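Trainee: Could you walk me through how to read this one? I'd like to start with where the chains meet.

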Amino acid sequence: MESIIFHQPRYLGEAIQLLHETPNPALLAGGTDLIIDINKERKKVETVIDLSRIEVLKTITVNEIEIEIGSMVTFANLCENPIIKQEFFGLFLCAKHFAAPQIRNMATIGGNIINASAAADSVPVIMSLEGKFVFNSVEGERIICAVEYFSNYEKEKIKPHEVLTKIKLPRKGYLSGFYKLGKRNSLAIARINAAVSLKEKEGVVEKINIALGAVGRYPFRVTEIEKICVEKPLSYLESDEVLIGLETAVYESIKNRPTMPFKKEAVKGVYILALQSALGGELNG
Amino acid sequence: MRPVSAVGASQIRPDAYEKVTGKAIYPDDLEFPGMLYAGVYRSTIPYGRVIDLNINEIRKLPGVVEVVDHTMIPGAKKHGVIFKDIPILVDDVIKRVGDCLLLIICETKEALKNALKQVKVEYEEYEGVFTIEDALREGAPIIGDASNVLYHIKVQKGDLEQGFKEAKYIVENTYFAQMTEHVFLQPECAIGKIGDDGLIEVYVATQYPHYDREEVARCLNLKDEEVRIINTAVGGAFGAREDINPQCHAALAAYITKRPVKVLYDREESIISHSKRHPMKMYYKTGVREDGKLCAIEARIYGDTGAYASWGTNVLRKSALHATGPYVIPNVFVEAFAVHTNNPFAGAMRGFGAAQVPLAIEAQMDMLAEKLGMHPLKFRYLNCFEVGSVTASGQVLASGVAIKECIEKLASHDNLSL
Amino acid sequence: MVEVTITVNGTSYTRKIHPLMRLLDFLRDELKLKGTKEGCGEGECGACTVIMDGRTINSCLVLAASCDGKEIITIEGVGGAELHPIQRAFLEVGAVQCGYCIPGMVLSTKALLDKNLDATEEEIKEAISGNLCRCTGYQKIVEGVKLAQTKMKESRGEACECGRS
Ligand SMILES: Cc1cc2nc3c(=O)[nH]c(=O)nc-3n(C[C@H](O)[C@H](O)[C@H](O)COP(=O)(O)OP(=O)(O)OC[C@H]3O[C@@H](n4cnc5c(N)ncnc54)[C@H](O)[C@@H]3O)c2cc1C
């Protein structure tokens, strides 16, 4: 076996310094993507920087305007956090239905984002909640909103010397929901997923954010549809206009894929279940 | 005589204690001093021939003890439960993705992994057949021995034409059942070793130690008594451990090196290497009289048996015999075919040919019941076997036919009068 | 090579290992604890489940190097001279068939019941959802977990009684 260098920094500063000094470093979070890639030889590593000892990355902190989720927070941690369940119900649902216990206990939200799979479950939720990513490097801090990060991925994607440290979600009091369509209940990678966050007043939509995953290279928001929903009654959210809008958005995004005919239909049901989880979320949560 | 206290009482499995404590020994849990690791390089093409292999380069790699090709097999080069057609190491034509080309024996797992990666093959690739239709087409390449039809059986009873004349309703459909993989939880592993008494020993999780012994003995040109198969705990099988898989390779490697040798598959190799449940195409035409009695059935069942025979004959025979379901049908014409293609070979899996045909026959029953406007359970009750019924193949059911009682129970749940 | 110290079933082991060695290989090859099984090598089947600091993980997806200072429980650490009530229950209801999933099933069950002895059927199914059984024995396994709950509650009750007298 070739020799591999393994670092396990205890402090973020140490990790950032290592990232700065090391050519070609591989950051190890929960390993549920990375270790498979290494074992299947899809990825060659020379230096591994294991983030699992850095306590600050594992915390969830709240202030008046936002919640900050450390990149090393696991999906199990997200499930167990009362504020996530109360105020970010979509993220709670996403974590609850993520893989199976063994994976939830290791897999981190940061790894899910940086792995940048089309089907990453947390990404549409973060997009719908208007979340931002915080990257750190020797050059300082870079903050970018999730939608921008993925819509301009080639330019904005993580740089080799950066580490994702936090995900910030504004505390806007959105009702939020999430639904994933998988081939089975557990351990299913999404065929399609959808996240909905909204604000309503007396049955009228004030604001809605809808994000779809696994229907394109990266998850995306359907802003055109969001706009037409504003100031409409809640019932409009399940109207044909909205559903056909979603169908068209999916068709446009994956026109040439063999899964298109299935996904353009399925997206409607997935969206409606995500919406209903958001509206019922207040009661459940 | 001692009373048999086990009958009628729940017993604790004798092997369960070892299993709940993690002490049960599966082949990969065994290690022997001086043990080597062996693995096969498998073809990446479905049909063709090897032109060149860098065998000499592989021999020189670090940690490589020996590289074995078909010329080094002392005995039979092929094995099979009925027909001896599966190559231990290919000596002529490659017929599927996953055919074994080279056996590489190394000092360590890492050296083996590396050596397998370094194998370079130049192939001459042929145009293969991948559907039942293509395999049966005139002029199709012959994947089997003399024909692509490995097996053909007919089951006939009564007068089909007359039967359909009596029909008030007829439904006619074609059904497809897909290939299925067993995915038993413990991937294949075998250890070959020369025993203290000089016998060739193979530790393996197998469904048939006695068959394995024969095949290993044939491969090594030994007498059956010179081979000992030791069955470990078996981590699931479901039919896929009926054919030889790592057994001959482990034995051959031990025979050549005179050292214990372990062959261990990962999940991917496990899936590539062993048999599958037959994908089937099933044409069905079924007729019913106005009074609700079935009067005629015609069925043609094609099983894609893949590159090798395995149990294809027996599986398709069973499909033919089960094609009419548990129903009394006086006029029958059923045909079943096992057809060779360059797909993964199909063999035994849970149900052995009896699992696919119910999809077709039961769907036909539902459709006929609907046409008659009769409850589907009631329709089945009217037509199902009872003691004394004669099956399509002429078997008289002398006892133990309980389907009527089953239907009665089901109907009572639904408050349905039969 | 890196040096790690990992506590497995209460015993601390220090070894110099390759940094990319999986925890599964550390247990099986270094410590010769063969009860932890490999079924898929990619986190899908759960045969390699062990408990790390109270939580179940797939030992095929975790580097041993990352486990420095951690506490691991494997099937060899469940029960002792006597079977653990979970093992006893699995045995009695006939939850064991080929046995290859069982070490992982027992550990997933233990992680659940150690935290929540009153788990509902839904919670039981969720807790073992990362463990595949291909013999299709889920029904009996769930029954086994339920019987284990009863047994563990009984033995807890007995322990209390002893304490009082
Ligand atoms: C059986 C199984 C089931 C799964 N089910 C799901 C599912 O239901 N939904 C889903 O979305 N995904 C699923 N996944 C995929 C995977 O678990 C997730 O993507 C997970 O969130 C990855 O996180 P991790 O901590 O394991 O990342 P790792 O594997 O450690 O890292 C992934 C990538 O991100 C980089 N990285 C990690 N953290 C940082 C950081 N802080 N800064 C910079 N780079 C970083 C790594 O270098 C690596 O390239 C599943 C995987 C498996 C094996």
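Predicted model: local features only at pLDDT ≥ 70, side-chain atom pairs only at ≥ 80, totals over all residues.

Trainee: How much area do chain C and chain B bury between them?

Mentor: About 2300 Å², with 57% of it on carbon and sulfur atoms. On chain C's side, C:Leu91, C:Tyr100 and C:Arg134 supply 28% of the area buried against chain B, more than any other three residues.

Trainee: And how many salt bridges cross the interface of chain C and chain B?

Mentor: The rule finds 6. Have a look at B:Asp29 and C:Arg28, whose side chains form a salt bridge at 2.8 Å, N to O. Polar contacts are counted too, and there are 16 residue pairs between chain C and chain B, both at pLDDT 80 or more.

Trainee: Now the ligand. Where does the ligand lie?

Mentor: Between chains A and C. Among the 35 residues around the ligand, A:Leu27, A:Thr32, A:Asp33, A:Leu34 and A:Thr108 come nearest. A ligand oxygen is 2.6 Å from an N or O atom in the side chain of A:Asp33, and a ligand nitrogen is 2.7 Å from one in the side chain of A:Asp121.

Trainee: How much of the ligand does the protein bury?

Mentor: Taken alone, the ligand exposes 980 Å², and the protein buries 94% of that.

Notes: Residues numbered from 1 in each chain as written. Chains lettered and ligands numbered in written order. Heavy atoms only, no water. Buried area = accessible area lost by both parts, 1.4 Å probe. Salt bridge = Lys/Arg side-chain N within 4 Å of Asp/Glu carboxyl O. Polar contact = N/O pair within 3.5 Å; in protein donor to acceptor, adjacent residues only side chain to side chain. Near = heavy atom within 4 Å. Areas by Shrake-Rupley, 256 points an atom, 1.4 Å probe, with all protein chains shown as cover.
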